[in-house]
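Open the model in your viewer and keep the sequence beside it. The tour below says what to select next and what is there.

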Amino acid sequence: GVLCSCGSQEDDFCSSLGVLGLSREMWTSSWEREIVMPTPLPVMAGKIIRHVAATDSYSLAATSDGEVYMWGWRTEHAQQLFGRPGPGEPETQFGPALVEGLSGHRVIEVATGPSHHVALTNAGAVITWSVELILEGEPAPPAENDGDNEVPESGLGYRRPRSGFAPPTVVEALAHHHIVAIAAGMRCTFAVTDDGRVFSFGSHLGGCLGRDSDPQSCHVPRPIETLQKVSSVAAGIYHCLALTDEGQVFSWGGVKTYSLGLGQGVTNAKTPQRMPTFADARVNRIACGSCHSCAVTSTGLLYTWGEGGMGQLGHGDQHIQWQPKAVEALRGVRVLAAAGGRTHTVAVVEESHGDDRGVLYGFGRADAFGYPFSGGFGPYADELLFREREHEAGITLDFFGGIGCYISTVPRSIPDFRLRLL
């Protein structure tokens, strides 16, 4: 399996130089920040990638050997994180570096928010760490009554020092549970147990933790009592989704956004609400972008909803979608999986000849999935080779990234480029 990346290396919101995992030598001037074709990451050559997670500042990859590699915005904690001397000053980590702090654990899944990172081991343990990045325009964590030197809203599952580095640490509060799935949002984390319960911890801004009993934050993992028999979770900035074993979808969170999909004018839900659109359908997969969401049904139909200002919903317009709506351009083909970015979406569609070939459709801001400026609006997409794992196609996109200067409001394939995605 070859790990490739494409898209924008830098945007207007924060310095994301290095997030694509490519060499420093590729960037010869300040305006050359885009990779317009999927490009292999040399450091990962020969490694089988099991799972990938990214924001617009950091990227993570878990290999089939259980190792985790990390790259992106800065490395002043390189010695603690990567087991080697740091540069002395904040500096970009251009290429993937092995996270030595996870040695001794076999990681099978990774997740990341803008300022914290999560790993799931084959033993069902959850490990979190942080390099304390605060994005431009993001409010600093508020001081708590029990001291100004700790941050309960970090999503780590324990109180982190307000300044400094939080190394990879097992979340002991989950030690008596076997975790099978994880997700990370804006300073909040979610863990699904093998018996279908969901634990949440971190920031409760907008109701992201899914409990009325948590007015501000909760650093100790606690169950969302209203959710049962859950198989997976997904998180955007301030909204969350849960998928049950029966294929039903629950939505909650929201801070004056349109991402919940619960109906016209509904911008906040402090507890999980069943989505009526899917009452008579069975959903196989869910995904969250920054402020929009996706669901793939058992019949291979893709639904999207939420913020659509850059065409990321694929409905041929730039409108807000208050309820899930089928992507008509992909009706008639079988969608296997989808993932959302800040202002873009991709979907893998099954090919008819039955081998491991699939078509990757992209819509929204097109530089995020590797297309240069076209001089106008238009549809773009790649074709790829993929190998579907037992439970997922392995698509993970940067849900905080994807800034560009052009959009595609309708998905359409361009079958000239082939890529194997694990």
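**Aromatic rings**

This is a predicted model, and it holds 4 aromatic pairs. Start by selecting Phe-278 and Tyr-303. Their ring centres are 5.3 Å apart and the planes stand at 85°, so this pair is edge-to-face. Phe-278 and Tyr-303 are both buried.

Trp-305 is in strand β23 and Phe-278 in the loop between β20 and β21, so the pair ties together parts 27 residues apart in sequence. Trp-305 is buried, as is Phe-278. With Phe-278, Tyr-303 and Trp-305 all on display, you are looking at a cluster linked by ring pairs.

**Cysteines**

Next, turn to the sulfur atoms. How many disulfides does a search of the whole structure find? The search finds 0. Select Cys-240 and Cys-208 to see one example. The closest cysteine sulfur to that of Cys-240 is in Cys-208, 4.5 Å away, which is too far for a bond; a disulfide needs the two sulfur atoms within 2.5 Å. Cys-240 has 1% relative accessibility and therefore counts as buried.

Finish at Cys-288, which is in no disulfide. Its nearest cysteine sulfur is that of Cys-240, at 6.8 Å. Cys-288 counts as buried because its relative accessibility is 6%.

Terms used:
Residues numbered from 1 in each chain as written. Predicted model: local features only at pLDDT ≥ 70, side-chain atom pairs only at ≥ 80, totals over all residues. Heavy atoms only, no water. Phe/Tyr/Trp six-rings, centres within 6.5 Å; stacked < 30°, edge-to-face > 60°. Buried < 20%, exposed > 50% of the residue type's maximum accessible area, 1.4 Å probe, protein only. Helix = DSSP H or I, 4+ residues; strand = E, 2+ residues; numbered from the N terminus.
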